[in-house]
Amino acid sequence: MNEAGAPAPMYQQHQQQPPQQIQPHGSIGLGTPQLELERQQEAQRDASILKQVQHYFSDQNLPMDYNILSHADEQCYVTLEYVMKGPRLQALTSDVERVKRLLQASNFMSVVTTPEGVVKVRRKRQLPR
């Protein structure tokens, strides 16, 4: 019997459980929300890095960028080491291998490594005349 004199229920009250977090499709088992956030931030940083290098070599910027043009070889390649000196790119990363990997996957940029191990980059298509 309870305080009011009514018989006690024969069952236990079901305690409400906190709702489970639902993970988006494809992320099951990939980790915590913090890890997912870090992955998203890294993907955004990769996109920013690629966008910045593509800007350096864009139709609008490259024809007027004396610094890049003066460092281009006869095939219009510029060392990745020199490209990494750009202040906006430096603000995003100092990881040369990361930038190289991103540019290799780009449809806009061409990446070559000389026999001496120097990594060079250029646009895949020529500047419009």
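## Starting at Glu 97

Glu 97 counts as exposed, with a relative accessibility of 52%, and the cut-off for that label is over 50%. This residue sits in helix α5. One thing to keep in mind from here on: this is a predicted model.

Where does Glu 97 lie relative to Leu 80? The two residues are 17 apart along the chain, and 9.9 Å separates their C-alpha atoms.

## How α5 meets α1

Helix α5 covers residues 96-104, and its axis comes within 10 Å of the axis of helix α1, which covers residues 33-56. The two axes cross at roughly 75°. Angles of 65 to 115 degrees count as roughly perpendicular, so that is the label for α1 and α5.

Which residues make the contact? From α1 come Glu 42, Arg 45, Asp 46, Ile 49, Leu 50 and Val 53. On the α5 side you'll find Arg 98, Val 99, Arg 101, Leu 102 and Leu 103.

## The whole protein

Stepping back, the protein has five helices and three strands. Going along the sequence, they come in the pattern α-α-β-α-α-α-β-β.

Of the 129 residues, 28% are buried. As for contacts between residues at least 6 apart in sequence, 50% link residues at least 24 apart.

Methods: Residues are numbered from 1 along each chain as its sequence is written. This is a predicted model: local features need pLDDT of at least 70, side-chain atom pairs count only at pLDDT 80 or more; totals for chains, interfaces and linings use all residues. Side-chain values use heavy atoms; hydrogens and water are left out. Helices (H or I, at least four residues) and strands (E, at least two) are DSSP runs, numbered from the N terminus. Buried means under 20% relative accessible area, exposed over 50%, partly exposed in between (1.4 Å probe, protein chains only). Contact means heavy atoms within 4.5 Å. Axes are lines fitted to C-alpha atoms, for helices over the stretch in contact, and angles run from 0 to 180 degrees between N-to-C directions. Angles under 35 degrees count as roughly parallel, over 145 as roughly antiparallel, 65 to 115 as roughly perpendicular and the rest as oblique.
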